[in-house]
Amino acid sequence: MAGTARVLVHVRRGGAGAPARFGQSVTGTFCPAQEDVAVVSCGLDRGRFLLSDVAFPGSTPALLKRPSFCPAKLLGEQEAAAIPAELRGRGVAAGVAVLLRASTGHILLTRRAPTLSIFPGLWVPPGGHVEPGEELLDVGLRELEEETGLRLEAGTFSWRMLGLWESIYPPMLSRGLPRRHHIVTYLLLLCQEPHQGLDARMRPSESEVSAYAWLEPPVLEAIAATEDGAETLSNVPSELPATVSITEVSGGSSSTTQLPTATLLNTAPAEGEDVERVSTGTKFALRLCLESLRERGQVQPSGGVTPLP
C-alpha cells in the first residue's frame with residue numbers, strides 16, 4: 001500500500017459522527033451482535049471515509065460485511081486492553097481493491113508477495129490505502145498500475161461499487177491480537193479489452209506481487225462458493241479444471257506455471273499457520289460481482305460470458 005498518509009473511517013449512527021476505533025467492529029455499529037452484515041451509506045466526506053445509517057450528499061448505499069470470525073467481533077475486554085496504545089490510536093484506515101474483469105470474462109487476481117507484513121501469500125485483487133485528496137476510483141486505478149503495471153485509459157472501461165469489507169489482520173484471534181484494521185471498498189472495473197491484451201501489458205511489482213492469474217468464470221464461481229467460517233459449502237461447480245495457469249514473478253522475470261485449482265478453493269484454517277488461498281474479503285467481493293453481472297445479463301448461470309456492449 002503506497003504512501004504514509006491515510007484517510008480514516010468515520011461512523012455516524014443516529015447523530016454526530018466519530019472516528020471508527022481500532023479493534024472495535026465497524027460492522028457491529030450498524031447491525032445486531034449476532035449478525036455480520038448491514039446496509040450503510042458511504043462516501044468520502046471532508047477528508048474522511050464516512051459510513052452512516054442515513055444518506056448524505058454524495059453517498060452511495062452499500063453492503064458492509066465482516067466475517068463470522070472477525071476479531072473485533074470476538075475480542076474480549078482483557079484482549080482489547082492488551083492491544084498496544086500506539087495501535088489503538090491508529091484508527092481504522094480506508095482502502096480500495098479492484099476486481100478487473102476483461103471483456104472475455106476473466107478476472108485478475110494477484111498473489112501477495114511473501115515479504116508483505118499483512119496477508120502474505122494470499123490471492124487478492126490489486127488494492128491499497130486511500131490517500132488524502134483521492135477519489136475511490138483514483139485509488140483503484142493507481143494501485144492497479146503500481147502493482148501490475150496496467151494503466152487503464154478513460155473510455156476503455158466502466159465501473160461500479162460492489163460492497164464494503166471489514167478487514168483485520170491477523171484475521172483470527174487464534175493468530176494474535178489485531179495489528180491492522182481497514183474498511184475495504186471493492187470496485188468492479190469492466191474493461192473493453194480481452195485478458196490476452198491486458199496480460200501482454202502486465203509489468204507486476206515484485207515487491208507486492210509474487211504471481212497473478214486471469215481466472216475464468218467457472219473457477220470464479222467455485223471460489224465464491226467457498227465461504228470461510230461456514231459449516232457447509234455452497235454449491236461448488238462439479239466440473240472444474242484440475243489446474244489453472246498462473247504467472248509467477250521472481251528475480252525480475254516472469255514464468256507461466258500451473259497451480260492446482262484446489263489451492264484457490266482452500267478455506268481459512270481456524271488455527272495454526274495460514275495457507276495459500278483466496279482471501280475471505282475477495283470471496284465476498286466475487287459473490288457480489290457475479291450476482292451483479294447476472295442481474296445485468298453479463299454472465300450466464302452456467303459460467304458462460306455475454307460480451308460487453
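Guide: The following dialogue goes from the whole chain to single residues. Please keep in mind that the model is predicted.

Visitor: How many helices and strands does the chain have?

Guide: The chain contains 8 helices and 14 strands. Its radius of gyration is 19 Å, close to the 19 Å that the globule rule gives for 309 residues, so the chain is as compact as a globular protein of that length. Along the principal axes, the C-alpha atoms fill a box of roughly 50 × 45 × 40 Å.

Visitor: What share of the residues counts as buried?

Guide: A residue counts as buried when its relative accessible area is under 20%. By that criterion, 52% of the 309 residues are buried. The chain exposes about 13600 Å², and carbon and sulfur atoms supply 50% of this area.

Visitor: What part of the contacts joins residues 24 or more positions apart?

Guide: Among contacts with a separation of 6 or more, such pairs account for 69%.

Visitor: How many positive and negative side chains does the chain have?

Guide: There are 27 positive and 34 negative side chains. The centres of the two sets lie 5 Å apart.

Visitor: Next, a single residue. Is Ser52 buried or exposed?

Guide: Ser52 has a relative accessible area of 0%, so it is buried. This residue is found in strand S4, residues 48–52. Leaving aside neighbours within four places in sequence, Ser52 is in contact with Arg12, Phe30, Val40 and Ser41. With Arg12 there is also a polar contact between the two side chains, at 3.4 Å.

Visitor: Where is Gly149 placed, and what does it touch?

Guide: Gly149 belongs to the loop between helix H4 (136–148) and strand S10 (157–169). Its relative accessible area is 29%, so it is partly exposed. Not counting residues up to four places away in sequence, Gly149 touches Leu144, Arg201 and Arg203. By contrast, Asp228 is 79 residues away in sequence and 31 Å away in space, C-alpha to C-alpha.

Visitor: How should I read backbone angles?

Guide: Most residues other than glycine have a negative phi, and most peptide bonds are trans. Arg46 has a positive phi of about 55° although it is not a glycine, and phi of Phe119 is near 50°.

Visitor: Where do Arg46 and Phe119 lie, and is each buried or exposed?

Guide: Arg46 lies in the loop between strand S3 (37–45) and S4. Its relative accessibility is 71%, so Arg46 counts as exposed. Phe119 lies in the loop between S7 and strand S8 (123–124). At 15% relative accessibility, Phe119 counts as buried.

Visitor: Which peptide bond is cis?

Guide: The bond from Tyr169 to Pro170 is cis, with omega near -5°. Pro170 lies in the loop between S10 and strand S11 (180–191).

Conventions:
Residues numbered from 1 in each chain as written. Predicted model: local features only at pLDDT ≥ 70, side-chain atom pairs only at ≥ 80, totals over all residues. Heavy atoms only, no water. Helix = DSSP H or I, 4+ residues; strand = E, 2+ residues; numbered from the N terminus. Buried < 20%, exposed > 50% of the residue type's maximum accessible area, 1.4 Å probe, protein only. Contact = heavy atoms within 4.5 Å. Rg over C-alpha atoms; globule rule 2.2 N^0.38 Å. Areas by Shrake-Rupley, 256 points an atom, 1.4 Å probe, with all protein chains shown as cover. Lys, Arg positive; Asp, Glu negative; His and termini not counted. Charge placed at Lys NZ, Arg CZ, Asp CG, Glu CD. Polar contact = N/O pair within 3.5 Å; in protein donor to acceptor, adjacent residues only side chain to side chain.
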